[in-house]
Amino acid sequence: MAQSLLHRYSEGPSSLAAPEEVRPFLGALLQAAGCGVALLDREFRPLWVNTALATLSGVEPRAHLGRPLAELWPHVAQALSPLLARALAGEDVVEAPLRGVLAPSAGEKHLRVGLSPALHGGALAGVVLWVRDESERVLEEQRLRARESHMRSLADVACDGHFLHDNGVVLDANRAMAQLLGYATPSEMIGRHLAEYVAPEFRSQVGLVLSRGLETPYEVVVLRRDGQRLPLEVLGRFVTWEGRQVRLAAVWDISTRKAAEERTAHTEQFRNQLLGVVDTEMRGPLQSIQHGTHTLQQMGGLQDVQRTLVGQVAHAARRMERMLHELMDFTRARLAGGLVLRPEPAELDAVVSRVVEERRRTHPRRALLVELEGDLRGHWDTARLGQLADHLLGNVLQHGQMDAPVTVRLAGSVGGVTLCVHSHGLTVAAEEHSSLFEPFRRERASPPEGLGLGLFLARQIALAHGGKLAVESCAQGGVRFIAWLPREPAH
């Protein structure tokens with residue numbers, strides 16, 4: 001091919017050695033887009049250039065002919081000269097990289113060049129040069145490397161270590177990953193299979209993750225170089241690395257979290273044991289005291305002083321039982337995950353009426369009014385709602401004025417039931433509303449009753465049912481507590 005081209009431009013088109021029918025195909029090949037081709041004489045002056053090379057040079061094809069390379073391409077002539085000399089010496093130069101400016105208006109290009117000696121009549125007559133512009137490919141590779149570098153930087157910040165692997169064989173790792181496993185440098189990990197690092201009981205799980213290409217976090221225990229076991233959380237993603245799809249695995253050291261979970265589990269177990277002991281060991285003696293005082297009160301022949309003392313002991317036993325219940329409920333609500341409910345079909349008016357009647361017996365001089373409206377049925381833990389109503393009534397009766405009436409109002413609506421306890425003789429400053437439901441809050445001005453947990457536990461009972469409890473000062477006087485309860489408790 002080169003010989004025919006040289007022959008064409010040295011002796012004229014009429015003496016072209018190629019057959020007539022070959023010429024269109026030969027011309028089309030040399031003018032193919034994407035590859036610049038030039039035929040140079042022994043002084044490296046162009047005898048012919050195709051359109052693609054002329055486009056790269058920014059000069060018309062005819063303007064190349066007969067001009068020295070130092071004049072045509074001054075920025076690459078020096079780098080191109082050794083390659084031309086090798087081709088003129090009879091060597092085929094294949095895929096040589098070249099970086100420089102062919103056309104000043106186009107800027108620097110990344111080129112790939114090839115050169116071959118051109119023969120005419122068996123004698124070396126010049127050089128065939130072809131040039132391919134690879135600037136886009138090189139720039140894309142640079143962008144890819146930049147993205148990989150950015151990805152690694154993000155991974156360094158976002159996790160405790162990361163590595164790349166292909167079907168379990170480690171390709172690369174950062175220094176933090178190597179240090180997690182007890183290695184001095186990442187190079188000690190490269191080429192080794194993940195099975196060497198994974199604890200035996202977790203190898204099947206890791207194999208399943210790899211075979212399915214899962215991209216969800218999972219926990220695994222690995223073996224450090226010194227044999228120490230280390231719990232890790234791993235998250236894998238498919239990424240492109242050096243032109244192929246591999247897995248990037250980010251890892252987090254969860255040993256501190258696991259130790260904390262273990263301590264929490266031990267604490268929870270101890271707390272449950274303590275609650276069981278306290279509940280069992282204290283309830284028995286209290287029941288014995290209550291049973292004994294009740295028996296003494298039923299017996300005849302007690303003197304007034306003795307009857308008074310027995311009554312005081314009975315009252316103290318009831319207070320102790322109440323405090324025990326409150327303390328156990330507080331512990332469950334605050335430390336053991338919340339109060340346990342046993343919901344059942346119930347009518348709230350029946351529950352509240354029993355509480356009101358009990359309070360009327362202990363406070364015979366207080367005016368307790370009950371108002372009912374609408375459908376008051378639902379699924380609730382009746383024992384807990386009885387506690388809620390009792391805590392609210394006990395609070396307003398204890399802190400309200402003796403001659404002020406207390407109204408308990410129940411109103412059913414579409415979504416649930418509202419329980420409102422209104423004390424007409426109680427005043428609470430607006431700035432104290434937010435702290436009113438805090439635990440162990442006791443008013444010094446009133447005689448203590450319980451541990452100051454009543455309102456806290458009342459709110460916890462409402463919350464456990466999916467409802468809420470609030471307090472507000474009334475414009476017409478007094479304070480009211482409003483509990484809203486859905487008909488079906490939260491699951």
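The buried residues of helix α6 are A77, L80, L83, L84, A87 and L88. These residues cover an arc of only 140° around the axis, which puts them on the same side of α6. An α-helix has 3.6 residues a turn, so residues three or four places apart point the same way. The model described here is predicted. In this model, α6 runs over residues 77-88 and has twelve residues. From its first C-alpha to its last, α6 reaches 15 Å. This span is close to the 16 Å expected at 1.5 Å a residue.

Several elements cover the buried residues of α6. Among them are the strands β1 (36-41), β3 (93-100), β4 (109-120) and β5 (123-133). The cover also includes α5 (69-72). After α6 comes G90. The phi of G90 is positive, near 100°.

The protein chain as a whole has 491 residues, and 40% of them count as buried. Its secondary structure comes to 14 helices and 17 strands. Contacts across the sequence were also examined. Among contacts between residues at least 6 apart in sequence, 55% join residues at least 24 apart. The accessible surface of the chain comes to about 26900 Å². Carbon and sulfur atoms account for 55% of that surface.

A search of the whole structure finds two aromatic pairs. One of them is formed by Y183 and Y197 and is edge-to-face. The centres of these two rings are 6.0 Å apart, and the angle between the planes is 90°. Y183 and Y197 both lie in the loop between α8 (175-180) and α9 (203-212). They are 14 residues apart, and the pair links distant parts of the chain. Both Y183 and Y197 are buried.

F437 and F481 also form an aromatic pair that is edge-to-face. Here the distance is 6.3 Å centre to centre, with 85° between the planes. F437 is placed in the loop between β15 (416-423) and α14 (454-464). F481 belongs to strand β17. F437 counts as buried because its relative accessibility is 5%, under the 20% cut-off. F481 counts as buried at 0% relative accessibility.

R487 lies in the segment after β17 (479-486). R487 is buried because its relative accessible area is 16%, and buried means under 20%. Its side chain reaches the backbone oxygen of R377 at 2.6 Å. Neighbours within four places in sequence are left aside in the contacts of R487 that follow. R487 is in contact with D375, L376, R377, G378, H379 and W380, among others. The contacts of R487 also include G412, S413, V414, G415, G416 and V417.

A316 sits in helix α11 (residues 304-334). With a relative accessible area of 37%, A316 is partly exposed, because this value falls between the 20% and 50% cut-offs. A316 and L286 are 30 residues apart along the chain. Their C-alpha atoms are separated by 9.9 Å.

Terms used:
Residues are numbered from 1 along each chain as its sequence is written. This is a predicted model: local features need pLDDT of at least 70, side-chain atom pairs count only at pLDDT 80 or more; totals for chains, interfaces and linings use all residues. Side-chain values use heavy atoms; hydrogens and water are left out. Helices (H or I, at least four residues) and strands (E, at least two) are DSSP runs, numbered from the N terminus. The expected span of a helix is 1.5 Å times one less than its number of residues. Buried means under 20% relative accessible area, exposed over 50%, partly exposed in between (1.4 Å probe, protein chains only). The arc is that of the directions from the helix axis to the C-beta atoms. Contact means heavy atoms within 4.5 Å. Accessible areas come from the Shrake-Rupley method with a 1.4 Å probe; for residues, only the protein chains shown count as cover. A polar contact is a pair of N or O atoms within 3.5 Å; within protein, one must be able to donate a hydrogen and the other to accept it, and residues adjacent in sequence count only if both atoms are side-chain atoms. Rings of Phe, Tyr and Trp (its six-membered ring) pair if their centres lie within 6.5 Å; planes under 30 degrees apart count as stacked, over 60 as edge-to-face and the rest as tilted.
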